[in-house]
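Subject: Structure handover

Hello,

The structure we spoke about is below, followed by notes on what was found in it.

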Amino acid sequence: MKSFKIAVLPGDGIGQEVTPEAVRALRTVGLRTGVAFEFEQALVGGSAIDAAGTPLPPKTLALCEASDAILFGAVGGPKWDNVAHEQRPERGLLGLRKELDLYANLRPAKCFPMLVDASPLKRSVVEGTDLMVIRELTGGLYFGEPRGVEEFADGGSRAINTMAYTSREIERVARMGFEVARKRRKRLASVDKANVLVVSQLWREVVNRVAKEYPDVALEHVLVDNCAMALIHKPTHFDTIVTENTFGDILSDEAAILAGSMGMLPSASIGGSVGLYEPVHGTAPDIAGKGVANPIAAILSAAMLLRYSLNMQEDAGRIETAVLRALERGLRTGDIARPGEKVVGTKEMGDAIVHELEVQY
């Protein structure tokens, strides 16, 4: 019997409500396939600050390092707005990415046919959108040195962040981009700002070098501002996008609008020995504790966990099909419901998806 250890880090806000629904989906897969999943929960983010005084306790990191995959919820919230920058809840997630060398963040953005009208964009623009944004996670402005704030004698100050990349860092995420594109529709858009930034010029040079290893993939270079515009007026142009940390953060959030709601978007952070899987939506403190959050992004993140960390492709597909069938039945959480449609809560949506998953086995 196969056995896998899954670290479960619900975190804060609605992360504590949607993560259990993703665990339920994985338990269902385990029961139906005979695969043994061992789930162990740990603290991260604001809840870890409250309990242990740090957003990433050593015990949590050790659990993650000893696991086959990590199911992550969300971190942050207004309660911790005044915590010192280096101890903010978000540092828990950044710390995991750094310590586990999770250098590539995969964010699919797909517009489900029955949710086309949930997007604020016109049906003719968004219909058929199915793309993947691959964001470099461990370099660039978020980690570059030097950084900090310099105080001047006249009372002024200057803040410094450094965008820095090595050719090795670019090469490995570029190769990830080509590999993912090869499994999709064999088109890769590399996004940079090579007309202004020296770092982007190196990025483009390295991507071109890697491209020679993938003659079956069509490569195009797109400036980040042009990409941002194209995502809104012709998103179906794109298949797979690869870009650096800051650009990827912005573009992947922009792509969220194409799916109708961030509550529909899963993600995978991979590259190291242990992959981390999380919904894109964040903690949503305005609805936390009300039982109304959309669990679909968390459940689809569980599907990505099966696909990218455990090589359980068919079962990942079954979870995705279960989500589709629940939506076809008309179930909608508040974030994806149109006026007049019946709205269900977190648990009811989870129940429906688990039922649709069970009937496939």
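Which element gives the most to the lining of the second largest pocket? Helix 4 does, with 4 residues.

Some ground rules before the rest. This is a predicted model, in which local features need pLDDT of at least 70 and side-chain atom pairs count only at pLDDT 80 or more, while totals for chains, interfaces and linings use all residues. Residues are numbered from 1 along each chain as its sequence is written, and side-chain values use heavy atoms, with hydrogens and water left out. Helices (H or I, at least four residues) and strands (E, at least two) are DSSP runs, numbered from the N terminus.

Pockets

A pocket here is an open set of points on a 1 Å grid over the protein atoms alone, where a 1.4 Å probe fits, with protein on both sides within 12 Å along at least five of seven lines; lining residues have an atom within 4 Å of a point. Grid points are joined across faces, edges and corners, and a volume is the space filled by probe spheres set on the points.

The second largest pocket holds about 400 Å³ of space. It is lined by 20 residues, and Glu90, Leu93, Arg97, Arg107 and Glu278 are the closest to its centre. Besides helix 4 (90–99), the elements giving two or more residues to this lining are strand 3 (69–74), helix 9 (245–256) and strand 12 (275–279). By class, the lining has 9 nonpolar, 4 polar and 7 charged residues. In this scheme Ala, Val, Leu, Ile, Met, Phe, Trp, Tyr, Cys and Pro count as nonpolar, Asp, Glu, Lys and Arg as charged, and the others, Gly among them, as polar.

The largest pocket has a volume of about 730 Å³. Of its 29 lining residues, Pro108, Met132, Arg184, Arg307 and Glu320 lie nearest the centre. At least two lining residues each come from strand 4 (104–110), strand 5 (130–136), helix 6 (167–183), strand 11 (266–270), helix 10 (296–308) and helix 11 (313–328). This lining divides into 18 nonpolar, 3 polar and 8 charged residues.

An open sheet of 10 strands runs in the order 2-1-3-12-11-4-5-10-8-9, with mixed pairing. Two strands pair if DSSP finds at least two bridges between them. Strand 2 and strand 9 (218–223) are the edge strands, each pairing on one side only. On average, neighbouring strands of this sheet are turned by 25 degrees against each other, direction ignored; axes are lines fitted to C-alpha atoms, for helices over the stretch in contact, and angles run from 0 to 180 degrees between N-to-C directions.

Helix 7 (residues 198–211) packs on the sheet and touches strand 5, strand 8 (187–192), strand 9 and strand 10 (240–243). Its direction makes about 175 degrees with that of strand 9. Contact means heavy atoms within 4.5 Å.

Strand 1 (residues 3–11) is mostly covered, with 7 of its 9 residues buried. Buried means under 20% relative accessible area, exposed over 50%, and partly exposed in between (1.4 Å probe, protein chains only). Strand 1 and strand 2 run parallel and are joined by 6 bridges, and phenylalanine 4 stands opposite phenylalanine 37 in strand 2. Strand 4 and strand 11 pair in the antiparallel sense over 3 bridges, with asparagine 105 opposite serine 269 in strand 11.

Glutamate 40 sits in strand 2 (residues 36–41). Is this residue buried or partly exposed? It counts as partly exposed because its relative accessibility is 31%. Beyond its neighbours within four places in sequence, glutamate 40 is in contact with Lys5, Ile6, Ala7, Val8 and Leu63.

The hairpin

Strand 6 (residues 148–151) and strand 7 (residues 157–160) run antiparallel, joined by 4 bridges. They form a hairpin with 5 residues between them, and glycine 155 in the turn has a positive phi of about 95 degrees. Glutamate 150 stands opposite arginine 158 in strand 7.

Backbone points to check by eye

Most residues other than glycine have a negative phi, and most peptide bonds are trans. The peptide bond from glutamate 145 to proline 146 is cis, with omega near 0 degrees; proline 146 is in the loop between strand 5 and strand 6. Aspartate 101, in the loop between helix 4 and strand 4, has a positive phi near 55 degrees. Lysine 186, in the loop between helix 6 and strand 8, has a positive phi near 60 degrees.

Regards
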